[in-house]
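Thanks for asking me to look this one over.

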Amino acid sequence: MVAAMELEILGMNFGCVLAALSDAKIPDKDCLLPLISKLLGYAIVAASTTVKLPQILKILKHGSVRGLSVASFELEVVGYTIALAYCIHKGLPFSAYGELAFLLIQAIILVAIIYYYSPPMGTKTWMKALLYCGMAPTVLAGKIDPALFEVLYASQHAIFFFARVPQIWKNFTNKGTGELSFLTCFMNFAGSIVRVFTSIQEKTPLSVIMGSAIGIVMNGTLLGQIVLYQKPAPKKQKKED
């Protein structure tokens, strides 16, 4: 028991796995699955630090936000804020939600870049930015009525759903995905799949699992559009002798 405790790192118990392997046995699933879940959870958190980097770099490289829906990225910031606040408020382990913190930071940076490369900001855009800056600290600190917190979290599924709809519709009408990054969409899609498994293992609320399931559907749709609307590279003409 002492040896097992000494092998517990960041909530991951390697003791039972190593004990089984030392006896030339396959570790029991009750021992192995929680460990795999924790490892995958921390892997998602680590990968999330660069998820939106390809999208940011693509915009900076081309100096363009062609084909991108501003509303989609704005709603994403709101959704990440509510989801992160809720997980902190519920006291969930960091491995179950840690990526939300890094995704929120990157999403805010991404919106700022999109604003920069978009037409001049009007009063409405400034009002939205100021409203978010005023409300976000209160929500993240959990200084709101618990019942309202539950309502907000329930609404964040709809927020994430509708955050993807404008971009999906814009891709459909344009028959192209503009500056949308394949790598960012792929990592979002893969992360949602893995997060469903880890959420089940961590026994997180059903609402958290539903959020990841919605992410699979919406991110999968965007990924499919990128592949579908990808224009083939022009063939190089052979020079005549």
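This is a predicted model: local features need pLDDT of at least 70, side-chain atom pairs count only at pLDDT 80 or more; totals for chains, interfaces and linings use all residues.

1. Serine 192 counts as buried, because its relative accessibility is 11% and the cut-off for buried is under 20%. You will find this serine in helix H9, which covers residues 182-201. Leaving aside residues up to four places away in sequence, serine 192 touches Ser212, Gly215, Ile216 and Asn219.

2. Histidine 157 is worth a look next. This residue is found in helix H8, and histidine 157 is buried too, with a relative accessible area of 12%. Beyond residues up to four places away in sequence, histidine 157 touches Ser207, Met210, Gly211 and Ile214.

3. In soluble globular proteins, nonpolar side chains tend to be buried together. Here the largest nonpolar core has 39 residues, and those with the most contacts inside it are Ile59, Phe73, Tyr80, Leu100 and Leu180. At least two residues of this core come from each of helix H4 (53-62), helix H5 (70-90), helix H6 (99-117), helix H8 (146-174) and helix H10 (206-228). Domain 2 (52-144) and domain 3 (153-229) each give at least three residues to this core.

4. Which residues does phenylalanine 73 touch, not counting residues up to four places away in sequence? The list is Leu68, Leu110, Val111, Ile114, Gln167 and Leu180. Of these, Leu180 is itself among the core residues with the most contacts.

5. Please also turn the view to helices H4 and H6. Their axes come within 10 Å and cross at roughly 15°. H4 therefore counts as roughly parallel to H6, since angles under 35 degrees fall in that class. The crossing in which H4 passes H6 is left-handed. On the H4 side, the contact is made by Leu53, Gln55, Ile56, Ile59 and Leu60. On the H6 side, Gln106, Ile109, Leu110, Ile113, Ile114 and Tyr117 take part.

6. Leucine 33 and threonine 198 are 165 residues apart in sequence, and their C-alpha atoms are 9.3 Å apart in space. Leucine 33 has its place in helix H3 (residues 29-48) and is partly exposed, at a relative accessible area of 31%. With residues up to four places away in sequence left out, leucine 33 touches Phe197 and Gln201.

Conventions
Residues are numbered from 1 along each chain as its sequence is written. Side-chain values use heavy atoms; hydrogens and water are left out. A nonpolar core is a set of buried Ala, Val, Leu, Ile, Met, Phe, Trp, Tyr and Cys residues joined through side-chain atoms within 4.5 Å. Buried means under 20% relative accessible area, exposed over 50%, partly exposed in between (1.4 Å probe, protein chains only). Helices (H or I, at least four residues) and strands (E, at least two) are DSSP runs, numbered from the N terminus. Domain bounds come from an automatic or database domain assignment. Contact means heavy atoms within 4.5 Å. Axes are lines fitted to C-alpha atoms, for helices over the stretch in contact, and angles run from 0 to 180 degrees between N-to-C directions. Angles under 35 degrees count as roughly parallel, over 145 as roughly antiparallel, 65 to 115 as roughly perpendicular and the rest as oblique. A crossing is left-handed if the near helix is turned anticlockwise from the far one by less than a right angle, and right-handed if clockwise.
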